Amino acid sequence: MPEELTVTQTAQRLKVAIPTIHDWIREGILPTAYQLRPVKNSPWRIPEGDIIAIEEQRRSQQHNKAE
């Protein structure tokens with residue numbers, strides 16, 4: 001089963017602020033993130049596939065800048 005991270009773990013891994021992760025969820029940048037329960041303030045889980053996609057995009061952008 002693929003790993004899922006909390007908002008805090010995701011922010012630490014991607015080296016961004018926690019509010020940035022919430023923004024990315026709202027903006028659809030983390031498209032498969034979901035809340036554990038359908039109630040306000042329920043914790044979010046971010047599947048690792050979303051995180052890997054952002055990491056790959058960052059690597060690609062860095063590669064393009066280097067050229």
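Modeller: Helices (H or I, at least four residues) and strands (E, at least two) are DSSP runs, numbered from the N terminus. This is a predicted model, in which local features need pLDDT of at least 70 and side-chain atom pairs count only at pLDDT 80 or more, while totals for chains, interfaces and linings use all residues. Residues are numbered from 1 along each chain as its sequence is written, and side-chain values use heavy atoms, with hydrogens and water left out.

Biologist: In what order do the elements of the chain run from the N terminus on?

Modeller: The chain has 3 helices and 3 strands. Its C-alpha atoms fill a box of roughly 45 × 25 × 20 Å along the principal axes. From the N terminus on, the order of the elements is β-α-α-β-β-α.

Biologist: Which strands stand at the edges of the sheet?

Modeller: Strands pair if DSSP finds at least two bridges between them. Strand β1 (residues 4-5) and strand β3 (residues 44-47) are antiparallel and share 2 bridges, with Leu 5 opposite Ile 46. Strand β2 (residues 34-35) is also joined to β3 by 2 bridges in the antiparallel sense, and the order in this open sheet of 3 strands is β1-β3-β2. Each edge strand has a single partner, so one side of each is left without a neighbour in the sheet, and these strands are β1 and β2.

Biologist: Which residue is the bridge partner of Gln 35 in β3?

Modeller: β2 and β3 run antiparallel. Within β3, the residue that forms the bridge with Gln 35 is Trp 44.

Biologist: At what angle do the axes of α1 and α2 cross?

Modeller: Axes are lines fitted to C-alpha atoms, for helices over the stretch in contact, and angles run from 0 to 180 degrees between N-to-C directions. The axes of α1 and helix α2 (residues 18-27) come within 8 Å, and their crossing angle is roughly 105°. That makes α1 roughly perpendicular to α2, a term for angles of 65 to 115 degrees, whereas those under 35 degrees count as roughly parallel. The angle asked for is roughly 105°.

Biologist: How many nonpolar residues are in the contact of α1 with α2?

Modeller: Contact means heavy atoms within 4.5 Å. Val 7, Thr 8, Thr 10, Ala 11 and Leu 14 of α1 make it with Ile 18, Ile 21, His 22, Trp 24 and Ile 25 of α2. No charged residues and 3 polar ones take part, and the nonpolar residues number 7.

Biologist: Is α1 roughly parallel or roughly perpendicular to α3?

Modeller: The axes of helix α1 (residues 7-14) and helix α3 (residues 48-66) come within 11 Å and cross at roughly 20°. The relation of α1 to α3 is therefore roughly parallel.

Biologist: Which residue does Arg 13 meet in a salt bridge?

Modeller: In the contact between the two helices, Thr 10, Arg 13 and Leu 14 in α1 meet residues of α3 including Glu 48 and Arg 58. A salt bridge is a side-chain nitrogen of Lys or Arg within 4 Å of a carboxyl oxygen of Asp or Glu, and the whole structure has 3. For Arg 13, the N to O distance is 2.7 Å and the partner is Glu 48. The pair links distant parts of the chain, 35 residues apart, from Arg 13 in helix α1 to helix α3 with Glu 48.

Conventions
Parallel < 35°, antiparallel > 145°, perpendicular 65-115°, else oblique. Nonpolar A, V, L, I, M, F, W, Y, C, P; charged D, E, K, R; others polar.
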